[in-house]
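The points below take up a pocket and a sheet in turn.

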Amino acid sequence: MKKVTLQEIANSLDISRTTVWKVFSGHDGVSDALRTKIIAKAQELGYTFPENFQFPAGQAEDLPINIAVTVCRPETSLFWMNIIHEIAKEFSHHNVNLVYTYLPTSADETYTLPPTLTSGTIQGMIVMNVYNTHTLRLLSEVPIPKVFLDTATMIPPSELNGDLILMENRTSVFKITSHLIEQGRKVLGFIGDINYAKSNYERYEGFLRALNAYHITPDRSLLLTDSIGIDTYREEIDCFLSSLPQMPEAFVCANDHVGCILLQLLLERGIHVPQDVAVSGFDNNIENPLSSHLTTVQVFNRELGLRLAMQILYRIDHPKMPYEVIYQTTKVLFRSSTGDTDPED
């Protein structure tokens, strides 16, 4: 990352380099108002202050800091917007500027991060809904405090150079799958791209653990776990269903988006849910009308937003503390798609 120079600070304020030098070398001859303005601009640009530099009384605490919220495709769901809203609310109590930074969903090896993230103008970063491995590796190399919400399956937490926050995945899906088995449904399928996100992979692990606990061998023909195109979910799930010699007794889905697509496709085939096939999802997505009938897992996204904001502020204050992997609890909501008429609210 390029080091901010005195000349750059001077140019941004249209003053001489000598004036800026006087402030950071402890010389007189600069008014208090201009001195305050120079220090604030230096902080904004990410200037590295001399170790022995003495801030004017109270000014170090009063200077706002800039934290980037770096996200892909937030417009696809209120889930992400609610999280961002809670982050912004918490930042407003801590003199923090939220720097919204949009990243592309796909990126090849030629892609570089936007200057906002690499110019030294931000002091921390929250990364959400970013699963491209090249982009994640670039983000991990930015030498500022970072907190990630989930990560790509192929990028382990140890390579992020930051904290990782996840919702609890395995136990909740284990609970749903066990419930289906206890209903007498022994032939189960799973639909979800486990190569995409660590959370999807952990949900698949919960599914397999439940099968193992009841001594059921997974039927690989009923598992759609390979990579699925972001814009071709419906087509690929439809093709998968058409390839099956017979339907399973239940499908466990990695999220509600998949679950609602599956409900539609089963309905079009004249298959009754849950009488013929039970279906579950994850996330408690309230945007699709079909989701109101879908057994799912409640993710407390507003609390996730608050936790992300608190963690990046902690990480900025304690940059040398060991990185953390943090799980936030979830809640299973049983609904009619698995034959449960009295959902847990």
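1. By class, 13 nonpolar, 13 polar and seven charged residues make up the lining of the largest pocket. Here Ala, Val, Leu, Ile, Met, Phe, Trp, Tyr, Cys and Pro are nonpolar, Asp, Glu, Lys and Arg are charged, and the others, Gly among them, are polar.

2. The model is predicted: local features need pLDDT of at least 70, side-chain atom pairs count only at pLDDT 80 or more, and totals for chains, interfaces and linings use all residues. Residues are numbered from 1 along each chain as its sequence is written, and side-chain values use heavy atoms, with hydrogens and water left out.

3. The largest pocket holds about 920 Å³ of space. A pocket is an open set of points on a 1 Å grid over the protein atoms alone, where a 1.4 Å probe fits, with protein on both sides within 12 Å along at least five of seven lines; lining residues have an atom within 4 Å of a point. The volume is the space filled by probe spheres set on the points, which are joined across faces, edges and corners.

4. Helix α5 (78-91) is one of the elements that supply at least two lining residues each, and α5 gives the largest share, four residues. Helices are DSSP runs of H or I with at least four residues, and strands are runs of E with at least two, numbered from the N terminus.

5. Six strands form an open sheet in the order β2-β1-β3-β4-β5-β11, with parallel pairing; two strands pair if DSSP finds at least two bridges between them. Because β2 (96-102) and β11 (325-328) each have a single partner strand, one side of each is left without a neighbour in the sheet.

6. Strands β4 (residues 146-149) and β5 (residues 163-167) pair in the parallel sense over three bridges. V147 has D163 in β5 as its bridge partner.
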